[in-house]
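Colleague: I have this one open on my screen. Can you walk me through what is in it?

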Amino acid sequence: MSGALLLAAVSLVLALFGLLTGVMAWRTRHNEQVLRRLSGGSSLTAEAARGRSSHWLARRMRRAGVTDMRRWLLCFGVAALVMGGLGARLGGALGALGAVVLALAGGHVLLNVLYQRRLKRMIRQMPNFLDQVVRSLHSGRTLGDAIAQSVNASDDPLREVFSLANNHVQLGISLPEALQEVAELYDVEELHVFSLGVAVNHRYGGNTTDLLENIIKVIHEREKLSRQLRAMTGETRLSALVLALLPVSLGAYILLTNPGYLMNMWLDSSGRWLLLTSLGLQVLGCYTLWRMLKSV
């Protein structure tokens, strides 16, 4: 009975969370549509444009490229409820809680994977985009006009990034501040370097063309070094992947071929603690391997 009550409470919390985030997403979308129809002269509009994506969940989904926030949250809520029901059926209240935590961790990992894929595409598109900006500057255009023209010729996701910067400029924010806010929103180091260079050039002057060409060289060198590092650490990453997946695969194989072996352990109090301890050690080991790979 307590397990059913816990599952009902978790389901109610997830439903309220989904309803709240859906309402916030609808209001954010409505505010963006209103801001597009406003003129770009007032400081109030500029401040509203800066605070459009202040919510952490909206920022994470925007980084990951999730356009329909309500549908994504609905699918995630349904998946969490299904996993919670399966966990309650297999392991009671503790199983339901573990399944919901696993669903939350899965959503976090999925957003990170989508963001990393978009981040790699952004970095690959940056040199060509900056090269088009340099050519526009050579033809006599200003930096803002050159960026606006290059946005139309670029592809997503970089076009979305600089389109947002152009919208900020049209709403009354200066170009360096708009680039800095976009760089903070998407958390791309190359965009931080670009916004910092534009800010220094805007304040102290200098040759913008040489600045952009140096940024292009830096991006190419970083990408070259990153590929060399991945090639040199390929064996280490493969070993870490095998060490992380081997215990999980072995446990899944035993559960499929001889489920009574693990179920007898789960029904016993000491065996249950052994299984939970091994699961915790497996999670700790995967996290440790991930941190070691991040430090390479």
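Modeller: Read along the sequence, the protein chain runs α-α-α-α-α-α-α-α-α-α-α-α. Bear in mind that this is a predicted model.

Colleague: How many helices and strands is that in the protein chain?

Modeller: The chain has twelve helices and zero strands.

Colleague: And what share of the residues is buried?

Modeller: Of the 296 residues in the protein chain, 31% are buried.

Colleague: What about contacts between residues 24 or more positions apart?

Modeller: Such pairs account for 60% of the contacts in the chain that have a separation of 6 or more.

Colleague: Let's do aromatics. How many aromatic pairs turn up in the whole structure?

Modeller: A search of the whole structure gives two aromatic pairs. In one of them, F129 and F162 are stacked, with 4.2 Å centre to centre and 20 degrees between the planes.

Colleague: Why give both a distance and an angle for a pair of rings?

Modeller: Because a pair of aromatic rings is described by the distance of the centres together with the angle of the planes.

Colleague: Where do F129 and F162 sit in the chain?

Modeller: F129 belongs to helix α4 (residues 69-138) and F162 to helix α6 (residues 158-170). They are 33 residues apart, and the pair links distant parts of the chain.

Colleague: Is F129 buried or exposed?

Modeller: F129 has 2% relative accessibility, so it counts as buried. F162 is buried too, as its relative accessible area is 1%.

Colleague: Which residue does F162 pair with in an edge-to-face arrangement?

Modeller: That partner is F194, at 6.0 Å centre to centre and with 70 degrees between the planes. This pair also links distant parts of the chain, with F162 in helix α6 and F194 in helix α8, 32 residues apart. F194 has a relative accessible area of 1%, so it is buried.

Colleague: What do F129, F162 and F194 form together?

Modeller: One aromatic cluster.

Colleague: Staying with α8, how does it lie against α9?

Modeller: The axes of α8 (residues 189-204) and α9 (residues 208-232) come within 11 Å and cross at roughly 160 degrees. That angle is why α8 counts as roughly antiparallel to α9. The crossing is right-handed.

Colleague: Which residues meet there?

Modeller: From α8 there are E189, E190, V193, F194, G197, V198 and N201. From α9 there are T208, L211, L212, I215, I219 and R222. Sorted by class, the contact has seven nonpolar, three polar and three charged residues. F194 from the aromatic cluster is among the α8 residues in this contact.

Colleague: Got another helix pair, say α3 and α7?

Modeller: Helix α3 (residues 56-64) packs against helix α7 (residues 175-186) at an angle of about 90 degrees, and their axes are 9 Å apart. With that angle, α3 is roughly perpendicular to α7.

Colleague: Which residues make that contact?

Modeller: R59, R62 and R63 in α3 meet E184, L185 and Y186 in α7. By class, the contact has two nonpolar, no polar and four charged residues.

Colleague: Some single residues now. Where is N166, and is it buried or exposed?

Modeller: N166 is in helix α6. Its relative accessibility is 15%, so N166 counts as buried.

Colleague: What does N166 touch?

Modeller: Leaving out residues up to four places away in sequence, N166 touches I147, A148 and V151.

Colleague: And T209, where does that one sit?

Modeller: T209 is part of helix α9. It is buried, because its relative accessible area is 11% and the cut-off for buried is under 20%.

Colleague: What is T209 in contact with?

Modeller: Setting aside its neighbours within four places in sequence, T209 is in contact with V134, L137 and H138.

Colleague: Last one, A199. Which helix is A199 in?

Modeller: A199 lies in helix α8. With a relative accessible area of 30%, A199 is partly exposed.

Colleague: How far is A199 from Q180?

Modeller: The two are 19 residues apart in sequence, and 8.6 Å apart in space, C-alpha to C-alpha.

How values were computed
Residues numbered from 1 in each chain as written. Predicted model: local features only at pLDDT ≥ 70, side-chain atom pairs only at ≥ 80, totals over all residues. Heavy atoms only, no water. Axes fitted to C-alpha atoms, helices over the stretch in contact; angles between N-to-C directions. Helix = DSSP H or I, 4+ residues; strand = E, 2+ residues; numbered from the N terminus. Parallel < 35°, antiparallel > 145°, perpendicular 65-115°, else oblique. Left-handed = near helix turned anticlockwise from the far one by under 90°. Contact = heavy atoms within 4.5 Å. Nonpolar A, V, L, I, M, F, W, Y, C, P; charged D, E, K, R; others polar. Phe/Tyr/Trp six-rings, centres within 6.5 Å; stacked < 30°, edge-to-face > 60°. Buried < 20%, exposed > 50% of the residue type's maximum accessible area, 1.4 Å probe, protein only.
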